[in-house]
Amino acid sequence: MLSQSLNSADSGPPLSKLLREDGAAAEWAVSSGLVDYPSAVAAMEARAAAIAAGEAPELVWLLEHPPLYTAGVSSKDADLLDAGRFPVHRTGRGGQFTYHGPGQRVAYVMLDLNRRGRDVRAFVRGLEQWIIGALGEFGVPAGVREGRVGVWVERKGAGWSREDKIAAIGVKVRKWVSFHGVSLNVEPDLGHFAGIVPCGIQEHGVTSLVDLGVPATMDEADEALRTSFRRVFGPIAGAAPPV
């Protein structure tokens, strides 16, 4: 059964270490419009360096990009099926090829893991739990799959069932400060994923909240992400986007 292969992100060691002992809030910024990818990466690099130096607070930055593909450090050239379709950006995050575009909520997560347990595995599990909890706000059951990165949902019909990916995770950690992050499919054009093999996985598809029959707006998705983030990582405080 497919349902037996979907595991809750709640399994494994407790995630209490992800909460800051000093209770400091992470800044939470939301950009309007579409943000240029190289500008976003430059802003992340600068902010992560400032956090590591103790010169800036942590930041979670929510945005949308114009249509593009990104290639993580484990990407394979054969998984780029249509190189001329959209711009392709080579990036230092973990993972393989993924798509970003309008209707997808990208969340760049710049947290100081020096103050959150210094455990990268627990941090990634926290990101999974964050997304699973946000989907739960819409009544969408989701989980993680052993051997696959990201968050998955099971879909069923008369005589069939399958697993589709609804959120991708790709992070980098430098001096124990994280950057890059997660992307949640709210209402992107799912046809745009056809130019790549998403995350190197050919045998499964991709989906979105709207594709699942949940007519969520981006604002509603943001509120669900805020609610779930507080449960996993602690308090947040509003801030202006870095660009």
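By class, how many nonpolar, polar and charged residues does the lining of the largest cavity have? Keep that one in mind while we walk through the fold; note that this is a predicted model.

Let's start with strand β7, residues 104-110. Seven of its seven residues are buried, so β7 is largely enclosed by the rest of the structure. You can check this face by face: Gln-104, Val-106, Tyr-108 and Met-110 are buried on one side, and Arg-105, Ala-107 and Val-109 are buried on the other. Both faces, in other words, are covered.

What does β7 pair with? Strand β3, residues 59-64, runs antiparallel to β7 and is joined to it by five bridges. If you want a landmark for that pairing, look at Trp-61, which stands opposite Tyr-108 of β7. Strand β11, residues 177-185, is also antiparallel to β7, again with five bridges. Here the landmark is Val-106, whose bridge partner in β11 is Ser-183.

Rolling a probe the size of a water molecule over the atoms shows where empty space is left. In this model, the count comes to one cavity of 30 Å³ or more, and the largest cavity has a volume of about 80 Å³. Its lining takes in 13 residues, with Thr-98, Lys-165, Ala-168, Asn-185 and Phe-193 nearest the centre. Strands β6 (97-100), β10 (160-174) and β11 each supply at least two lining residues, and β10 gives the most, with four. Now back to the opening question: the lining has eight nonpolar, four polar and one charged residues.

Last comes a helix, α2, which covers residues 120-136. Is α2 mostly covered or mostly uncovered? Mostly covered, with 13 of the 17 residues buried. At the start of α2, a side-chain oxygen of Asp-119 reaches to within 3.1 Å of the backbone nitrogen of Arg-121.

Definitions and conventions. Residues numbered from 1 in each chain as written. Predicted model: local features only at pLDDT ≥ 70, side-chain atom pairs only at ≥ 80, totals over all residues. Heavy atoms only, no water. Buried < 20%, exposed > 50% of the residue type's maximum accessible area, 1.4 Å probe, protein only. Pairing = 2+ DSSP bridges. 1 Å grid on protein atoms, 1.4 Å probe; cavity = no way out; pocket = protein on both sides within 12 Å on 5 of 7 lines; lining within 4 Å. Points joined across faces, edges and corners; volume = space filled by probe spheres on them. Nonpolar A, V, L, I, M, F, W, Y, C, P; charged D, E, K, R; others polar. Expected span 1.5 Å × (residues − 1). Polar contact = N/O pair within 3.5 Å; in protein donor to acceptor, adjacent residues only side chain to side chain.
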